[in-house]
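I opened this model to look up its pockets and then its sheet. My notes follow in the order I checked things.

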Amino acid sequence: MLAQRLVGERHLKLRVRHLGQPRDAIWFGRVEPVAERVRLAYRIALDEYQGQRRLQMVVEAAVAV
């Protein structure tokens, strides 16, 4: 886990390392912080925000490792 912060009062925005590269992820409906080392179950989704489009990981579950 590189970074995490609460967004919109109800979602956890994450910056994770995936295959050696930093990636953006979001966990909707999650407000509790996650452990520094976790294994994530996620899906890929298109994020459109302020006119920009990018891929992001949408987290469904996590297990500390």
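I began with the lining of the largest pocket, where β2 (11–18) and β4 (38–49) each supply at least two residues. The model is predicted. β4 gives the largest share of that lining, four residues. I listed the residues around this pocket: M1, V16, R17, H18, E36, R37, V38, R39, L40, Y42, M57 and V65. By class I noted seven nonpolar, one polar and four charged residues. The volume came out at about 270 Å³.

Next I looked up the second largest pocket, with a volume of about 150 Å³. Its lining consists of V7, H11, K13, I26, F28, D47, Y49, R54 and Q56. Which elements give two or more residues here? They are β2, β3 (21–28), β4 and β5 (52–64). I sorted this lining by class too: four nonpolar, two polar and three charged residues.

Then I turned to the sheet. Strands of a sheet pair through backbone hydrogen bonds, either parallel or antiparallel. I found an open sheet of five strands with mixed pairing. I wrote down the strand order as β1-β2-β3-β5-β4.

Last, I checked the pairing of β1 with β2. The two strands run antiparallel and are joined by five bridges. In this pairing I noted A3 opposite R15 in β2.

Conventions: Residues numbered from 1 in each chain as written. Predicted model: local features only at pLDDT ≥ 70, side-chain atom pairs only at ≥ 80, totals over all residues. Heavy atoms only, no water. 1 Å grid on protein atoms, 1.4 Å probe; cavity = no way out; pocket = protein on both sides within 12 Å on 5 of 7 lines; lining within 4 Å. Points joined across faces, edges and corners; volume = space filled by probe spheres on them. Nonpolar A, V, L, I, M, F, W, Y, C, P; charged D, E, K, R; others polar. Pairing = 2+ DSSP bridges.
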